[in-house]
Amino acid sequence: SKEVVGKATGANDANTDKYLPYINSLSGKYGINNQERILAFLSQVGHESGKLRYVKELISDADAERNYGGRLGNTSAGDGAKYKGRGLIQITGKTNYGQVNKAIGIDFVGNPELLEQPKYAVESAMWYWKSRGLNEIADTMDLSKSVSAPQNEKAFKEITRKIKGALGHYEQRKSNWEIGKDAVLRFIKENPMTVAIGTIALLLLGATGIYYLMNRKKIEMPIR
């Protein structure tokens, strides 16, 4: 919901409205499809993007060249600046641009500024999130407890490290989660049928996948 996105990211109404349609339309594609995953994702990208305000890293080209030149797949002069952080989760380096290029099917290597467009800013962040196994880590978090509860803390720190490489601005990320959690729990309380239907849909989807895996040979057997 708009409230959940706004609270968990800290974004104002204008920026929430800007990204909400893409968050809603793409979250299922990348498996960000339950309350634990959604909350963890939003609280992290809210920090990475400065409350959904920035989709391009706030450093000069010279600093980007010093920081990233010669690594992260940046092999040519100018690559560090060309492939500075972009998108809601700050995709950085030619290697990562190439990976998201391949996954989404858009030429971000040739046109890195495309990652600044709202749709691709969201989708690149969701691709990164899923590709690093962050959905499964988020599943271990318990919304009935504080983010500082031992298991929640362990999971949230692991997620933060996989995004940032360290625990940079960790307290702000935790604050986003706690504020967003209140909005999530309020949404669940006020929309029990919507949540129930979504849960049933996920269970059916999972059951369909299990059935396919168990009967794949029969299903894929060619008709003679």
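Visitor: Is Lys-2 buried, partly exposed or exposed?

Guide: This is a predicted model. Lys-2 has a relative accessible area of 35%, so Lys-2 is partly exposed.

Visitor: Which residue does the side chain of Lys-2 meet in a salt bridge?

Guide: For a salt bridge, look for a side-chain nitrogen of Lys or Arg within 4 Å of a carboxyl oxygen of Asp or Glu. Here the partner of Lys-2 is Asp-17, at 3.1 Å from N to O. Lys-2 sits in helix H1 (residues 2-9) and Asp-17 in helix H2 (residues 13-26), so this pair ties together parts 15 residues apart in sequence. Asp-17 is partly exposed too, at 40% relative accessibility.

Visitor: How many salt bridges are there by this rule?

Guide: The count is 11. Take Glu-153 and Lys-174, whose side chains meet at 3.6 Å, N to O. That pair links distant parts of the chain, with Glu-153 in helix H9 (residues 150-164) and Lys-174 in helix H10 (residues 170-190), 21 residues apart. Both residues are buried.

Visitor: Which residues are linked with Glu-153 in a network of salt bridges?

Guide: Glu-171 and Lys-174 are linked with Glu-153 in that network.

Visitor: Where do Lys-181 and Glu-178 lie?

Guide: Both lie in helix H10. They are three residues apart, about one turn of the helix. Now check each end. Lys-181 has 9% relative accessibility, so Lys-181 counts as buried. Glu-178 has 23%, so Glu-178 is partly exposed.

Visitor: Is Glu-123 buried or exposed?

Guide: Use the cut-off again: buried means under 20% relative accessible area. Glu-123 is at 2%, so Glu-123 counts as buried. Find Glu-123 in helix H7 (residues 118-131).

Visitor: Which residues does Glu-123 touch, not counting those up to four places away in sequence?

Guide: Glu-123 touches Leu-26, Lys-29, Tyr-30 and Ile-104.

Visitor: Now the whole chain. How many helices and strands are there?

Guide: The protein chain has 12 helices and zero strands. Burial can be read for the chain as well: 42% of its 224 residues count as buried.

Visitor: What share of contacts joins residues at least 24 apart?

Guide: Consider contacts between residues at least 6 apart in sequence; 61% of these join residues at least 24 apart.

Conventions: Residues are numbered from 1 along each chain as its sequence is written. This is a predicted model: local features need pLDDT of at least 70, side-chain atom pairs count only at pLDDT 80 or more; totals for chains, interfaces and linings use all residues. Side-chain values use heavy atoms; hydrogens and water are left out. Helices (H or I, at least four residues) and strands (E, at least two) are DSSP runs, numbered from the N terminus. Buried means under 20% relative accessible area, exposed over 50%, partly exposed in between (1.4 Å probe, protein chains only). Contact means heavy atoms within 4.5 Å.
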